[in-house]
Amino acid sequence: MIKYVFVFSLLATTLFSGPVLARCEDHVPQPKPQNASRDIVGADLDTIIDRGYIEFAAYEDFPPWSFERDGTIQGVDIEIGKLIASDLGVEARFNLVAAGENLEADLRNWIWKGPLINGRVANVMLHIPYDSEFACRVEQVVFTGQYHDEEIAIAYRRDAYPEDPPVPAYFRFDSVAVENDSIADFYLSAFPGGQLSRNIRRFKTAEKAMEALAAGETMAAMGPRGQLETGLTPDLGVHAPPLPGFAVSTWTNGVAVHFAYRGLSYAVDDAIFAALQDGRIANIFAEYGLTHSPPKLR
């Protein structure tokens, strides 16, 4: 399974700087497709409250955000889902889903239409990157509830870099671990002239990349800060240096709700906003040993 390629396929198109256009300048609004004819999918806020539970979709095998250990579904996003449910006064139910080929497919499968086989839409999908251009194109979805600004960072062995933490140019000579086909992999592979290619070590997941770093198999690892921080040991550090030519090295994570259920989207947004204000979301991040960056979009 490839992480962050599917989630950030919209970001990869702007990996390197290009012309700046007005928001949604080239988009022509289209009729909003209807749900699958044989099913009524999704639910409004009143229905959710009356039945007593809300259903969340979250990505499977995606630590520290959403994953299953010893038969228990856990992670930062899972705790945020529980927080939303508690605010609404209902039970939280979670469906860990496999990633599709891109974010648009995931939203189609789990928010507004449903998969072709084996599954149904959720009321809310967690860990959705917000991008205003992408939001213009996917009119079936409301992107709301922003709760965290994520960034690309570099983890490193302190003994390998006792004075200055590494920057991408160091990887002309030093080894660096990445998740295969991730946004960090794309960036380093495309670094001018392909100068870094021979020193990139690719792993199936960011978790495996951090395990390799901790074991001394590489000198550094690059990826989203949250995934790096969850694999830190006392021998490792992490920082977020300037990344030359990287147009989108930071993004905001939020949630997605079907466009027909605006009342639900407002309630979810209110719950997240309140939890940002009173520190509950920051506490969730701290419990997982992660740095929380309040979203700048609010």
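These legends go with several close-up views of a predicted model.

**View 1. A cis peptide bond sits between two prolines.**
Let's begin with the link from proline 63 to proline 64. This peptide bond is cis, and its omega is near 5 degrees. Proline 64 belongs to the loop that runs between strand S1 (53-59) and strand S2 (67-69). Is proline 64 buried or exposed? Its relative accessible area is 1%, and buried means under 20%, so proline 64 counts as buried. Look also for glycine 231 in this view. Along the chain, proline 64 and glycine 231 are 167 residues apart, yet their C-alpha atoms are separated by 9.3 Å.

Start with aspartate 61, in the loop between S1 and S2. Its phi is positive, about 50 degrees, although aspartate 61 is not a glycine. The relative accessibility of aspartate 61 is 39%, which falls between the 20% limit for buried and the 50% limit for exposed, so this residue counts as partly exposed. Now move along to aspartate 70, found in the loop between S2 and strand S3 (72-74). What is the phi of aspartate 70? The value is near 55 degrees, again positive in a residue other than glycine. With a relative accessible area of 82%, aspartate 70 is exposed, because exposed means over 50%.

Find helix H3, residues 76-88, and then helix H10, residues 280-287. The axes of H3 and H10 come within 10 Å, and they cross at roughly 150 degrees. Angles over 145 degrees count as roughly antiparallel, so H3 is roughly antiparallel to H10. The crossing of these two helices, H3 and H10, is right-handed. Next, turn to helix H9, which covers residues 262-277. At what angle do H3 and H9 pack? The angle is about 110 degrees, and the axes of H3 and H9 are 9 Å apart. An angle from 65 to 115 degrees counts as roughly perpendicular, and therefore H3 and H9 are described as roughly perpendicular to each other. Where H3 passes H9, the crossing is right-handed.

The largest cavity has a volume of about 70 Å³. Which residues lie nearest its centre? They are Glu179, Ala206, Met222, Gly223 and Pro224, out of a lining of 14 residues. Several elements give two or more residues to this lining: strand S7 (176-179), helix H6 (183-189), helix H7 (206-214), strand S9 (220-224) and helix H8 (225-229). Sorted by class, the lining of the largest cavity has 10 nonpolar, 3 polar and 1 charged residues.

How much relative accessible area does leucine 213 have? The value is 0%, so leucine 213 is buried. Leucine 213 and threonine 233 are 20 residues apart in sequence, and their C-alpha atoms are 9.8 Å apart in space.

With 24% relative accessibility, serine 132 counts as partly exposed. From serine 132 to phenylalanine 143 there are 11 residues in sequence and 9.2 Å in space, C-alpha to C-alpha. Now look at glutamine 146, in strand S6, which covers residues 141-157. Is glutamine 146 buried or exposed? At 11% relative accessibility, glutamine 146 counts as buried. Finally, find proline 129: its C-alpha atom and that of glutamine 146 are separated by 8.6 Å, with the two residues 17 apart along the chain.

Notes:
Residues are numbered from 1 along each chain as its sequence is written. This is a predicted model: local features need pLDDT of at least 70, side-chain atom pairs count only at pLDDT 80 or more; totals for chains, interfaces and linings use all residues. Side-chain values use heavy atoms; hydrogens and water are left out. Buried means under 20% relative accessible area, exposed over 50%, partly exposed in between (1.4 Å probe, protein chains only). On a 1 Å grid over the protein atoms alone, a cavity is a set of points where a 1.4 Å probe fits but cannot get out, and a pocket is an open set with protein on both sides within 12 Å along at least five of seven lines; lining residues have an atom within 4 Å of a point. Grid points are joined across faces, edges and corners, and a volume is the space filled by probe spheres set on the points. Helices (H or I, at least four residues) and strands (E, at least two) are DSSP runs, numbered from the N terminus. Ala, Val, Leu, Ile, Met, Phe, Trp, Tyr, Cys and Pro count as nonpolar, Asp, Glu, Lys and Arg as charged, and the others, Gly among them, as polar. Axes are lines fitted to C-alpha atoms, for helices over the stretch in contact, and angles run from 0 to 180 degrees between N-to-C directions. Angles under 35 degrees count as roughly parallel, over 145 as roughly antiparallel, 65 to 115 as roughly perpendicular and the rest as oblique. A crossing is left-handed if the near helix is turned anticlockwise from the far one by less than a right angle, and right-handed if clockwise.
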